[in-house]
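Dear colleague,

Please find below the structure that I am handing over to you, with its sequence.

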Amino acid sequence: MWFSFDLIIFIYRILTFPERFIYKLIESLQKYFKQDTYILFDCLYDDNAECIDTFTLFEYMQKNNIKSYYIVNKNNNAFDKIKKKTRLKNVIVTRSSKNLPFIINFILLKTHTVVSSFGNLNNYFEKFIYKNNIINYVFSRHGISFLKLFSLNFYPPSEYNYFGVSNELETQMVLENSSWTEDKLIKNGLFRFDNLTKREDENQKEIFIMLTWRRYLKETNFIRSDYFQYLDSLLSNEKLVKYAQENNVKIKIAFHHELIRRIMQTDEIKFKNKNVEIVDMTEISKQIPKTSLFITDFSSIVFDFMYLDIPVMFYRFDIDLDETQKDFESITFAMNRDKYLYNCCYNENDAVETIIKYIINGFVLESENKEKNKQFFTYLKRNNICKNFVNIMDNINKNK
C-alpha cells in the first residue's frame, strides 16, 4: 500500500513538473533513443478550421507504416470525422493548444520531425522543438502564400526550421520579403493536393464562393459592413439570379474560419437571395469536386481549384475603401499580382459578366488560363507530394 501511494506521488510530481525542466530532461535522454517518428498537427486553436493538410500526410504515413502521431483538438468540428477515420490510432487528443497531453513528451524522445500546417502555438512545446538539435520543425502551410505577403510575418525562421513552398514564384516572394534562406525551404507542395479530385459530375453546376478574412471586420457589425453589403449585392444581382435559375446553377458560400471564430454564427446570416446555401468551413474539401466555378478575393484556397483547372474568379470589391478600413497591404499586394492571374474583377458588373460567361460556356476553363495555372505548381510531383516530402526529410535527417 505504501509503495502504491509513493508511486502515485512520484507520478504526480513528474506530471506537474515545470515544462522547461521536462524538456531539459528530454534533451538529455534523446541520445538513448532512435529518432524515427513524426508528430503532425493542423489547427489546434480554432474549432472551425478544417483539419486536412498534415492529416493527409498522417494518413499516407499510417498507410505506409511510417511512425507518426497526429494531434487533434477534441473541440474541432472535424474531430468526429477524424475519429471515425482513424479510430484514434496514433492520434493524440487535446482540448487546448497551450497545454498538450503529457504523453507527447515520451513521443518527443524518438521524434525527428514535427510538421505543422497552421502554427503558431507560442508555448514551451514549440520553443523546444525549434531549438532542439535533433528535431526538425517544419511549417508546411495550409495554403500557397503567393497572394498574402503579410502572412510571412507569422511564420519566420526564428520560430521554424523549415518552410514549405510550391513554386518558383512563391520562392522568389519568400526570399525577397523575409529572412528565410533557400536552403531552409521545402520545395514540394500542399499535402492535401494528393487527395484532390476533379468534378464528380460534369453536368453538375455549382458556383462556390469563399472570401478571406479582413482585419478591419473585428471592429464592425458584420451584417452592416461594406464587406457583407457588397457580397449580398452580388448574390442578389437580378441578371445573375436570372441566369442561375434558368440554367439550374446552385450558388454556395463558406465563411472564413477566422470570421466565424471572431464575430458571428453562420445561422445569423440572411442573404436577399434565399437560394444561396451556406457551406460549413470544415466541409470545403468535399465541396471542391462539386464546384464548377470558384469565386474569391485572395484566399489561398483558390490554388486548390486552379490545381484541378476549375475556373476561378477574383472579386475584390473593397479595393476602394478608405485605407484605414481595409487590409490595404493584403488587397493591394494581391492586385499587383494580377498579371499572373486571370478573371480579376473590381466591380459588380464585371463580376456578373464573368460568371455569366462561364455559365454560357459550360464552365470550361480557357487553355491560356490552364497554362497560367501551371506556374503555381512547378515543384509538385502530382499525386506524390506526401511521398516526396518524406524523401526530402529523410535526406535532411541523414545529413544532419
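A search of the whole structure finds 1 cavity of 30 Å³ or more. A cavity is, on a 1 Å grid over the protein atoms alone, a set of points where a 1.4 Å probe fits but cannot get out. The space in the largest cavity comes to about 50 Å³, where a volume is the space filled by probe spheres set on the points, and grid points are joined across faces, edges and corners.

Before going further, please note that this is a predicted model, in which local features need pLDDT of at least 70, side-chain atom pairs count only at pLDDT 80 or more, and totals for chains, interfaces and linings use all residues. Residues are numbered from 1 along each chain as its sequence is written, and side-chain values use heavy atoms, with hydrogens and water left out.

The lining of the largest cavity includes Val 138, Phe 139, Arg 141, Ile 186 and Phe 389; lining residues have an atom within 4 Å of a point. Strand 5 (136-139) and strand 6 (162-165) each supply at least two residues of this lining. Helices (H or I, at least four residues) and strands (E, at least two) are DSSP runs, numbered from the N terminus. By class, the lining has 6 nonpolar, 4 polar and 1 charged residues. Here Ala, Val, Leu, Ile, Met, Phe, Trp, Tyr, Cys and Pro count as nonpolar, Asp, Glu, Lys and Arg as charged, and the others, Gly among them, as polar.

Open pockets

A pocket is an open set of points with protein on both sides within 12 Å along at least five of seven lines. The largest pocket holds about 1,100 Å³ of space. It is lined by 44 residues, and those nearest its centre are Phe 118, His 142, Tyr 155, His 256 and His 257. Two or more residues of the lining come from each of helix 10 (257-263) and helix 11 (284-287), and helix 10 gives the most, with 4 residues. The lining of the largest pocket divides into 18 nonpolar, 14 polar and 12 charged residues.

The second largest pocket has a volume of about 340 Å³. Its lining has 20 residues, of which Ile 52, Lys 85, Asn 195, Ser 285 and Lys 286 are the closest to its centre. Helix 3 (53-63), helix 4 and helix 11 each supply at least two residues of this lining, which has 8 nonpolar, 4 polar and 8 charged residues.

Aromatic residues

The whole structure contains 33 aromatic pairs. Rings of Phe, Tyr and Trp (its six-membered ring) pair if their centres lie within 6.5 Å; planes under 30 degrees apart count as stacked, over 60 as edge-to-face and the rest as tilted. One of the pairs joins Phe 150 and Phe 154, whose ring centres are 6.0 Å apart with planes at 85 degrees, so this pair is edge-to-face. Phe 150 counts as buried at 15% relative accessibility, whereas Phe 154 is partly exposed at 44% (buried means under 20% relative accessible area, exposed over 50%, partly exposed in between, with a 1.4 Å probe and protein chains only).

The rings of Phe 193 and Tyr 307 have centres 4.8 Å apart and planes at 15 degrees, so they are stacked. Because Phe 193 lies in the loop between strand 7 (185-187) and strand 8 (206-211) and Tyr 307 in helix 12 (residues 302-307), the pair ties together parts that are 114 residues apart in sequence. Both Phe 193 and Tyr 307 are buried.

One aromatic cluster is formed by Tyr 137, Phe 139, Phe 150, Phe 154, Tyr 155, Tyr 160, Phe 163 and Trp 180. Elsewhere, Arg 337 lies over the face of Phe 146, at 4.0 Å from the ring centre. A charge sits over a ring if NZ of Lys or CZ of Arg is within 6 Å of the ring centre and within 35 degrees of the ring normal.

Backbone

Most residues other than glycine have a negative phi. Arg 87, although not a glycine, has a positive phi of about 55 degrees; this residue is in the loop between helix 4 (79-86) and strand 3 (91-94) and is exposed, at 77% relative accessible area. Asn 343 likewise has a positive phi of about 55 degrees and is not a glycine, but Asn 343 is buried, at 15%.

Yours sincerely
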